[in-house]
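User: Could you take me through reading a protein model, giving me the general idea behind each feature and then the case at hand?

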Amino acid sequence: MESMHTSNPDNAPAGTYLIFDNYPFKLAVIQQLMYEADLLGSKYYGGDQYFEAYGDVSDVSERVSIDRLLPYIEQGNHFFESLNIPRALADKVTKLYVGEELDVYYHINPQWLDFEEYFDDGADFDILAISERELKQFPNLKSIVFNMYHTPPDALITQLEESGIEVGLFA
């Protein structure tokens with residue numbers, strides 16, 4: 001799910017919105033600003049919408065559940081990929097937690113933990129890279145805790161530590 005497009009729309013004044021090169025990192029920032037700090041406008045509730053529409057998830061086959069999930073995953077990804085995050089909020093991000101139970105992941109794919117093999121244990125959410133220009137936007141970011149199925153690459157851990165960001169690993 002690494003995204004090489006930026007989230008700064010062409011018609012926005014330069015510097016208005018944060019720029020992201022790596023979608024999973026953007027999701028971690030969204031989690032902090034939208035779901036934890038309540039600073040990013042209206043929350044997206046795709047996971048809740050899914051379970052309101054499909055109250056019978058325990059009664060249907062895995063294939064039916066996955067087929068139902070795919071449009072919700074697409075809709076959730078579209079929402080978060082196109083979400084513009086004001087640059088002024090970057091200073092509010094002092095720490096990030098990247099764990100399986102995050103709201104942002106649930107609202108993209110509310111059953112990813114139920115079908116771990118199909119969704120490769122959440123690999124789409126793994127932060128594999130953070131560009132220098134992404135990091136430079138967050139001068140107050142002091143720590144990132146990773147608590148996913150997959151450990152982040154050693155090169156990323158080294159990059160973060162060399163940038164003065166404390167890295168916590170739980171897996």
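Predicted model: local features only at pLDDT ≥ 70, side-chain atom pairs only at ≥ 80, totals over all residues.

User: Which helices and strands make up the protein chain, and in what order do they run?

Analyst: Helices (H or I, at least four residues) and strands (E, at least two) are DSSP runs, numbered from the N terminus. The protein chain has six helices and three strands, and from the N terminus on its elements run α-α-α-β-α-α-β-α-β.

User: How much of the protein chain is buried?

Analyst: Buried means under 20% relative accessible area, exposed over 50%, and partly exposed in between, with a 1.4 Å probe and protein chains only. By that scale, buried residues make up 46% of the 171 residues in the protein chain. As for contacts, the term means heavy atoms within 4.5 Å; among contacts between residues at least 6 apart in sequence, 69% join residues at least 24 apart.

User: How do I read the packing of helix H2 and helix H3?

Analyst: Two packed helices are described by the angle between their axes and the distance between the axes. Axes are lines fitted to C-alpha atoms, for helices over the stretch in contact, and angles run from 0 to 180 degrees between N-to-C directions. Here helix H2 (residues 46-53) and helix H3 (residues 62-82) pack at about 145°, and their axes are 10 Å apart. On the H2 side the contact is made by Gly 46, Gln 49, Tyr 50 and Ala 53, and on the H3 side by Ser 65, Arg 68, Leu 69, Tyr 72 and Gln 75. Sorted by class, this contact has four nonpolar, four polar and one charged residues, where Ala, Val, Leu, Ile, Met, Phe, Trp, Tyr, Cys and Pro count as nonpolar, Asp, Glu, Lys and Arg as charged, and the others, Gly among them, as polar.

User: Where does H3 have a kink, and what covers its buried residues?

Analyst: The bend at a residue is the angle between axes fitted to the seven residues ending there and the seven starting there. In H3 a kink of about 30° lies at Leu 69, shortly before the proline Pro 71. Among the buried residues of H3 are Ile 66, Leu 69, Ile 73 and Phe 80, and their cover includes helix H1 (23-36), H2 and helix H4 (103-108).

User: What does Pro 86 touch?

Analyst: Pro 86 is found in the loop between H3 and strand E1 (95-99), and is partly exposed at a relative accessible area of 31%. Not counting residues up to four places away in sequence, Pro 86 touches Thr 16, Tyr 17, Leu 18 and Leu 40. The C-alpha atoms of Pro 86 and Gly 15 are separated by 8.7 Å, although the two are 71 residues apart along the chain. Gly 15 itself lies in the segment before H1.

User: Where is Phe 146 found, and is Phe 146 buried or exposed?

Analyst: Phe 146 is found in strand E2 (residues 143-147) and is buried, with a relative accessible area of 4%. Its contacts, not counting residues up to four places away in sequence, include Val 98, Ile 127, Leu 156 and Phe 170. The C-alpha atoms of Phe 146 and Tyr 97, 49 residues apart along the chain, are separated by 6.2 Å.

Definitions and conventions:
Residues numbered from 1 in each chain as written. Heavy atoms only, no water.
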